[in-house]
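Welcome! Here is a short tour of the salt bridges in a protein model.

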Amino acid sequence: MTKMMKTLTQSAAALTMVAGMGAMVAPATAQTYTKENPLKVALVLNGTLGDKSFFDSAQRGMDQAMKELPVVVKTIEPGYDRSKWQPALADADDGDYDVVITGTFDMAPYVAELAPQYPDKKFILFDDTVDYSKGGFDNVLSVQYRTSTAAYLAGYAAAKVSKTGTLGQILGTEGSVILEFVVGFEQGAKAANPNAKLLRATVNSANPFSDPAKGKELALAQIQQGADVIFPIAGSTGIGALQAVRDAKKLGIGVDSDQATIFAATDQAQADVILTSVEKRVGESLLLLLKQTLDGTAKYGTSSILGLQEGAVGISENKYYDALVPEDVRKEVKEQEAKIVSGEIKVETTMN
């Protein structure tokens, strides 16, 4: 078990926030599952694998679950056509699955619609929550990520290494999940350099999280405005933004996964300009929730918010970080992290 998984396991009970009427929700009853009789899981993505970011992180958790647990997972990829998302989730609900997993604010309404129709099936919704006050969601477990706490650290480091004092951000949309990154990044940047200039651009295309060409266009515009560090928060769109950063010999910040390490296998030049990534450790949190589902301790009917304190988010501290961020700045970032964990620094959030 990784250090992060141990931290998540130790903290899960304390962090579960009961929604609705506030009554304690009993853990789901444990059943006996084996490799011969596994827990059947469907992961429904409102997109496709290969983003080197958010969806790939979720899949890594599923791959690990199948290695470690009596679990079999079917990953369903309806693509980026919105008209296919609800039918794909409905088909999974009709299928022979014990647990259906899906994520993002785009899928939350479909979970809210369909979960009450399948009371004997369990649902895990990651990166958003249903409105438990409306009732009917005793079979839904929601998990959100306080990414602002990790984005603060990335913003602090970015402002310290920037030579121009101008930092760019590229947003897939302006929803609260994306703005959760932004508020933390900007707070950290201003803490490091009160005079930092912060640029924002929103994709606003038909498929805002799968438009690398638009990401590259927006990044080039920000570079022309003086940005020498750019943070795309836009799924596969961010790949285009990072390519622009690479070609212009500027610096980028990855999102959701350790993108420098991922790119290193196929594009070393790209990896070399990613100073860190703001990791939303979706896969590890989903692995934990499946473990809890198997042992009967998963608290369906509730929502949890996990952040830096629980190890559910963080920044990538790898050889690229060590090479691009001076040692004294890395030390300052660690000091900032300790103050966030202790509560001395209160990081802004878009979450209630």
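What follows is a look at the charged pairs, grouped by topic.

This is a predicted model, in which local features need pLDDT of at least 70 and side-chain atom pairs count only at pLDDT 80 or more, while totals for chains, interfaces and linings use all residues. Residues are numbered from 1 along each chain as its sequence is written, and side-chain values use heavy atoms, with hydrogens and water left out.

**The count**
- A salt bridge is a side-chain nitrogen of Lys or Arg within 4 Å of a carboxyl oxygen of Asp or Glu, and the model has 13 salt bridges by this rule.

**Asp106 and Arg82**
- Asp106 and Arg82 form a salt bridge, with their closest N and O atoms 3.1 Å apart.
- Asp106 sits in the loop between strand E4 (99–103) and helix H4 (108–114), and Arg82 in the loop between strand E3 (71–76) and helix H3 (85–94), so this pair ties together parts 24 residues apart in sequence.
- Helices (H or I, at least four residues) and strands (E, at least two) are DSSP runs, numbered from the N terminus.
- Asp106 is buried at 15% relative accessibility, whereas Arg82 is partly exposed at 44%.
- Here buried means under 20% relative accessible area, exposed over 50%, and partly exposed in between (1.4 Å probe, protein chains only).

**The network around Arg246**
- A network of salt bridges links Lys216, Arg246, Asp247 and Asp267.
- Arg246 meets Asp247 in a salt bridge at 2.9 Å, N to O.
- Arg246 is partly exposed at 21% relative accessibility, and Asp247 is partly exposed at 45%.
- Asp267 also forms a salt bridge with Arg246, the closest N and O atoms being 2.6 Å apart.
- That pair links distant parts of the chain, 21 residues apart: Asp267 is in the loop between helix H9 (259–264) and helix H10 (268–271), and Arg246 is in helix H8 (residues 237–247).
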